[in-house]
Amino acid sequence: MQPTPDFDPAKLAKSLLRRSRQGALATLMAGSGDPYCSLVNLASHPDGSPILLISRLAVHTRNILADSRISLMLDERAAGDPLEGARIMLSGRTERAGTDKELLQRRYLNAHPAAEGFVSFKDFSFFRIRPTGTHLVAGFGRIVDLKPEQFLTDLTGAEDLLAAEQGAVEHMNADHRDAMNLYATRLLGAAEGDWRCTGCDPEGLDMQMDQTALRLDFPERVTDGTALRKMLVRLAGEARKKMDQGATL
């Protein structure tokens, strides 16, 4: 069964990686090698790879310290039959934070502010999952295996954007919550609410209200702070135009 022509598996896989805040983490039991599965919170690196904050007291942490191989399942949590929603089974290896700890920490805390109290605990550490592939299931005739280069974001040449990211996130949340609400409601069809920015990368903007996350894709790639500002202004204009058009109907 071949996927339908309008099916974009890479785009869907990217969206699931960006929007997922929880997942089922499968590890190998230290010693026996038996499979072990647990529920974990997660955020995403600018390239889309998952970030974990986990305790050494947890079984899954002891497992990955002994064998870094994992599998992670993410799903849309769609209403109705959960098997009708899209999901990905990501394979890869875990990597404990090193020089990138500050980046992993701020990205994770932007998505899970309540976790700030755990960061200082000595048994908690940040880990990044380095994907080796993923299996996407998105309905009948929509089952595809993808390589990392198909679902991760290329960060080449985006150093300026990454350096400006946290400042942009804080600025949007402090001064432009109205624009965030416009993006969510007019461009993504979400309900009105207290939407906030949690991150940005060359391909899009991540937003969140409570545990509901949205992904706003950019029509063109951006790689620096100036291009990001122009893109956000442009998208706000498009959202206001749609709002005005709706008011005249």
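A search of the whole structure, which is a predicted model, finds one cavity of 30 Å³ or more. The space in this largest cavity comes to about 50 Å³. Its lining is formed by Arg 21, Ala 43, Ser 44, Arg 107, Ala 111, Thr 198 and Asp 206. Sorted by class, these lining residues comprise two nonpolar, two polar and three charged ones. Two elements, strand E3 (43-44) and helix H3 (101-111), each contribute at least two residues to the lining.

Next comes the sheet. Three strands form an open sheet in the order E9-E10-E11, and their pairing is antiparallel. Why is one side of strand E9 and of strand E11 left without a neighbour in the sheet? Strand E9 (196-201) and strand E11 (212-217) stand at the edges and each has a single partner strand, so one side of each lacks a neighbour there. On average, and with direction ignored, neighbouring strands of this sheet are turned by 20° against each other. Helix H3 packs on the sheet, where it touches E9 and E10, and the direction of H3 makes about 145° with that of E9.

The pairing of strand E10 (residues 204-209) with E11 is antiparallel and runs over six bridges. Two of the residue pairs between these strands are set out below.

| Residue | Residue opposite in E11 |
|---|---|
| Gln 208 | Ala 213 |

The hairpin of E10 and E11 has two residues between the strands, and in this hairpin Asp 210 takes a positive phi near 55°.

The remaining topic is a pair of helices. Helix H6 (residues 159-175) and helix H7 (residues 177-187) pack at an angle of about 95°, and their axes are 5 Å apart. Because an angle from 65 to 115 degrees counts as roughly perpendicular, H6 and H7 are described as roughly perpendicular to each other. Which residues make the contact between H6 and H7? On the side of H6 they are Met 172, Asn 173 and Asp 175, while H7 brings Arg 177, Asp 178, Ala 179, Met 180 and Tyr 183. Taken by class, the residues of the contact of H6 with H7 divide into four nonpolar, one polar and three charged.

Notes. Residues numbered from 1 in each chain as written. Predicted model: local features only at pLDDT ≥ 70, side-chain atom pairs only at ≥ 80, totals over all residues. Heavy atoms only, no water. 1 Å grid on protein atoms, 1.4 Å probe; cavity = no way out; pocket = protein on both sides within 12 Å on 5 of 7 lines; lining within 4 Å. Points joined across faces, edges and corners; volume = space filled by probe spheres on them. Helix = DSSP H or I, 4+ residues; strand = E, 2+ residues; numbered from the N terminus. Nonpolar A, V, L, I, M, F, W, Y, C, P; charged D, E, K, R; others polar. Pairing = 2+ DSSP bridges. Axes fitted to C-alpha atoms, helices over the stretch in contact; angles between N-to-C directions. Contact = heavy atoms within 4.5 Å. Parallel < 35°, antiparallel > 145°, perpendicular 65-115°, else oblique.
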